[in-house]
Amino acid sequence: MATHKSVETKYLEERRQFFHGLRNLDRRSFLKVSAAAVGATAGLAAPHSFTPVAVAQGSETTESKPAFRFAYISDSHLYEKSVNDRFVRGLLRAVDDVNKLDPQPDFVFYGGDLAQLGAVKQLDLGAQILKSLKAPLKIMVGEHDWYFDLGDKWHDLFGKSTYSFDHKGVHFVVLNSVVERDFWTARGMSPMERMKTVAGLDNGVQSSFTVGEEQRNWLKEDLAKLPDDAPLIVFSHSPLYKLYKNWNFWTDDAEEVQAILKRFKQVVVIHGHTHQLLTNRIGNIHFHGLLSTAWPWPYAPEGMPELTIQMSRPDPFNPNDGCGDGEVLVHADGLVDKVYSLWNRNPITVSSAYTASWGKESVPPKPNRLAY
Ligand SMILES: [Fe+2]
Ligand SMILES: [Fe+2]
């Protein structure tokens, strides 16, 4: 008689096998491990990621064909694998999604909050998994990566946290938008107390996120050489506008950064941190949020930007619902079609034609279930 294995036993066996593979992870063993990670969630999530439909949708709804594309992954919030393996699986799944793209994207952008509490082991684990990406990696910091050691380990692993680069005629800028005023020294806080304070909601102890004067000056200088019609894409972890302060969906000097960007004909700002479909436009600046691979935040109770196509309320019985990764299709003028590849829902494309027309044209189809 065949031995019957309970769901729990199967889960534990898969988990053991999965982490055994993770121990010596290199690109060759990655496919095996990530296949196990996806297999372990099979039955819970439909494989939607990176269907050609999303790409076709983008090009149909815009006047020009995208000049190139990059993929994105964000907000994995990794704990050590002995504490929480679900978030590790989430990142592995996203890396697997991106590696399956054919042709490969020009690069992969990681949107910050790789770690949950900025610990060396969490950041090392994240860096190890991201090494398995076939395409080159560009990365920015989130507050969860930063406030244990104020960026020491992150810099060791990934280099500069403020930088710019040019790619196929588009100028890209990467900012650290989670700079806080020193609230910890006077209070005699330990590094972990500081980290946990920032990881919580705005409780009146921490100061608000900023880009800060130093980076604003750097930004002015970096952009000085560009003409007003230069295609420009800026990455920031927190949204570079003020959405909802109590949850830190907020950058305190947003208006000052927007003022630096004002002379450009159009600018795209892409941010992490909010873990949801989020679209906004303030004058010449088009804002797009990124999905998380760990969990979806609900929408803020007030301040929702009008252009936002709200994602569906996640199914509470499916821990991967509302999570995902995606692609950004970049047009020659620098505007983008933003593809949200939700792991358990139809992909949604927020096109450049939609934001360029202030939401009048190319309205994305409504999500297939109710919103919050
Ligand atoms: Fe996050
Ligand atoms: Fe964050």
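**View 1. F70 of one strand pairs with V328 of β10.** Strand β1 (residues 68-73) and β10 run antiparallel, joined by 5 bridges. Two strands pair if DSSP finds at least two bridges between them. Helices (H or I, at least four residues) and strands (E, at least two) are DSSP runs, numbered from the N terminus. The model is predicted: local features need pLDDT of at least 70, side-chain atom pairs count only at pLDDT 80 or more, and totals for chains, interfaces and linings use all residues. Residues are numbered from 1 along each chain as its sequence is written, chains are lettered from A and ligands numbered from 1 in the order in which they are written, and side-chain values use heavy atoms, with hydrogens and water left out.

**View 2. An open sheet holds 6 strands.** Their order is β3-β2-β1-β10-β11-β12, with mixed pairing. β3 (137-139) and β12 (348-350) stand at the edges with a single partner strand each, so one side of each has no neighbour in the sheet. On average, neighbouring strands of this sheet are turned by 25 degrees against each other, direction ignored. Helix α4 (residues 86-99) lies across β1, β2 (108-110) and β10. The helix runs at about 165 degrees to β1. Axes are lines fitted to C-alpha atoms, for helices over the stretch in contact (heavy atoms within 4.5 Å). Angles run from 0 to 180 degrees between N-to-C directions.

**View 3. D325 sits in strand β10 (residues 324-330).** D325 is buried, with a relative accessible area of 0%. Buried means under 20% relative accessible area, exposed over 50%, and partly exposed in between (1.4 Å probe, protein chains only). The C-alpha atoms of D325 and L290 are 7.6 Å apart. Along the chain, these two residues are 35 residues apart.

View 4. Donors are N, O and S atoms within 2.8 Å of the metal (3.2 Å for Na, K and Ca); water is not among the atoms, so sites may look incomplete.

**View 5. D113 bridges the two iron ions, ligand 1 and ligand 2.** The ions are 3.5 Å apart. The protein donors of the iron ion (ligand 2) are D113 (OD), E143 (OE), E143 (OE), H237 (NE2) and H273 (ND1). They lie 2.2 to 2.7 Å from the ion. Their spacing along the chain is D-x29-E-x93-H-x35-H. E143 in helix α6 and H273 in the loop between β7 (267-271) and β8 (279-282) are 130 residues apart. Both E143 and H273 are buried.

**View 6. Helix α10 (residues 254-261) has buried residues A254, V257, Q258, I260 and L261.** They fall within an arc of 155 degrees seen down the axis, so they line one face of α10. The arc is that of the directions from the helix axis to the C-beta atoms. Among the elements that cover them are α9 (212-224), β6 (232-236), β7, β8 and β9 (285-289).

**View 7. In helix α8 (residues 191-199), the buried residues are R194, M195, T197 and V198.** These residues cover an arc of only 160 degrees around the axis, which puts them on the same side of α8. Their cover includes α6 (143-146).
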